[in-house]
Amino acid sequence: MSSYLIKRIRSLLGRKTPDGKKKSIRLGLALGGGGARGLAHIPILELLDEMRIRPCCIAGTSIGAVMGALYSSGLSGSEIRSLVRETIIRKNDSPVEILKDIKRFVKFLDIDFMGPGIFKGDSIMKYFYDAIKMDNFDKLEIPLKVVTSDFWASSQVVISSGDLLQGVKASMGLPGLFTPVKYGERILIDGGGVNPVPWDVLDECDVIVAVDVLGYAESVSDSPPSAVKAVFDMFDIMQRSIVKARKKSGRPDIYIKPEIVNIGILEFNRAEEIYACAEVSCSELKEKLMKFYPEISSSS
């Protein structure tokens, strides 16, 4: 364990209220972007539920903003897993079931080949609203910060108040796939273009946990990628470079990166594989959290 981490732990354990009692540790949670790989956030949220650790604030980018909003609304990790199970095409579905799902997905995704994005995203937001029954940041149980990119200014925009649905929609607005969102005077797109794992927007937290679900690129191949794969993978390369640079200027207290390899940004049907990839990371996170929450360690 680094001397920095030891000092942080000692400092946190020494925090007292005026009456001499220990203050509860304020944990900030940063959920990164990564498309389908963001399903790896769900086992992480389930672990927090199991350990009875409630974040004081959540920051999310893209799929991390979606997961963060669901969790901040009051849904548990297991409830979010059930929601995903009801939505995605499962690997073992019969051909008839898959056909029904595809028809549902075509309507669900609001396909619009003539617009600025293939998917409008309005139906997704309706489904999202039906799940949480909230449309404003102020109604969330846990404060949430959603990271987006201002297209014209090439800058980060953090949304933490106002229209929740529009904020989340903007954060997940992958260029070319989803229609950009007009938010006030700004045109906003996917937050992954500026801050894929937004731990640095969290403040007033004692411990910050960042979950990076960008995964790892597949091994070198002699075959050139398809046009679609090249575009998506280029976005991944860019995001990984941004995270690497941000880590040099300051790391979160706990940095978790599930071993997700060769899973595409839209492969939500591989949910079970993604969950399995996150299991080792959950064990790692639990061990690290116990150093900040010794009372959990002693009671387990």
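Q: In this predicted model, where a residue counts as buried when its relative accessible area is under 20%, what makes F232 a buried residue?
A: F232 has a relative accessible area of 16%, and since the cut-off for burial is under 20%, F232 is therefore classed as buried. The residue lies in helix α8, which spans residues 227–249, and, leaving out residues up to four places away in sequence, F232 touches L174, L177, I265 and L266.

Q: Why is T61 called buried?
A: The relative accessibility of T61 is 0%, which falls under the 20% limit, so T61 counts as buried. T61 belongs to strand β2, residues 57–61, and once neighbours within four places in sequence are set aside, its contacts include L31, G32, G33, V147 and S171, together with D190, G191, G192, N195, P196 and P198.

Q: What makes α3 a largely enclosed helix?
A: Of the 10 residues in α3, 10 are buried, so the helix is largely enclosed by the rest of the structure. The residues concerned are I63, G64, A65, V66, M67, G68, A69, L70, Y71 and S72. Following α3 comes G74, which has a positive phi near 120°.

Q: Why is α2 described as mostly covered?
A: In α2, 8 of the 11 residues are buried, namely H41, I42, P43, I44, L45, L47, L48 and M51. Just after this helix, R52 adopts a positive phi of about 60°.

Q: Why are α2 and α3 called roughly parallel?
A: The axis of α2 (residues 41–51) and that of α3 (residues 63–72) come within 11 Å and cross at roughly 30°. Because angles under 35 degrees count as roughly parallel, α2 is roughly parallel to α3. The crossing of these two helices is right-handed. By class, the contact of α2 with α3 has 5 nonpolar, 2 polar and 1 charged residues.

Q: Which residues bring α2 and α3 together?
A: From α2, the residues H41, I42, L45, L48 and D49 meet G64, M67 and Y71 of α3.

Q: What makes α2 and α4 roughly antiparallel?
A: The axes of α2 and α4, the latter covering residues 77–87, come within 7 Å and cross at roughly 150°. Since angles over 145 degrees count as roughly antiparallel, the two helices are therefore described as roughly antiparallel to each other. In their contact, I42, P43, L45, E46 and D49 of α2 meet G77, S78, I80, R81 and V84 of α4, and by class this contact has 5 nonpolar, 2 polar and 3 charged residues.

Q: How do you know which stretch has pLDDT below 50?
A: The mean pLDDT of the protein chain is 84, with 78% of its residues reaching 70 or more. Over residues 2–7, however, the pLDDT is below 50, and beyond near neighbours in sequence this stretch has 3 contacts in the model. Where pLDDT is low, the predicted coordinates should not be read in detail.

Methods: Residues numbered from 1 in each chain as written. Predicted model: local features only at pLDDT ≥ 70, side-chain atom pairs only at ≥ 80, totals over all residues. Heavy atoms only, no water. Axes fitted to C-alpha atoms, helices over the stretch in contact; angles between N-to-C directions. Helix = DSSP H or I, 4+ residues; strand = E, 2+ residues; numbered from the N terminus. Parallel < 35°, antiparallel > 145°, perpendicular 65-115°, else oblique. Left-handed = near helix turned anticlockwise from the far one by under 90°. Contact = heavy atoms within 4.5 Å. Nonpolar A, V, L, I, M, F, W, Y, C, P; charged D, E, K, R; others polar. pLDDT = per-residue confidence, 0-100. Buried < 20%, exposed > 50% of the residue type's maximum accessible area, 1.4 Å probe, protein only.
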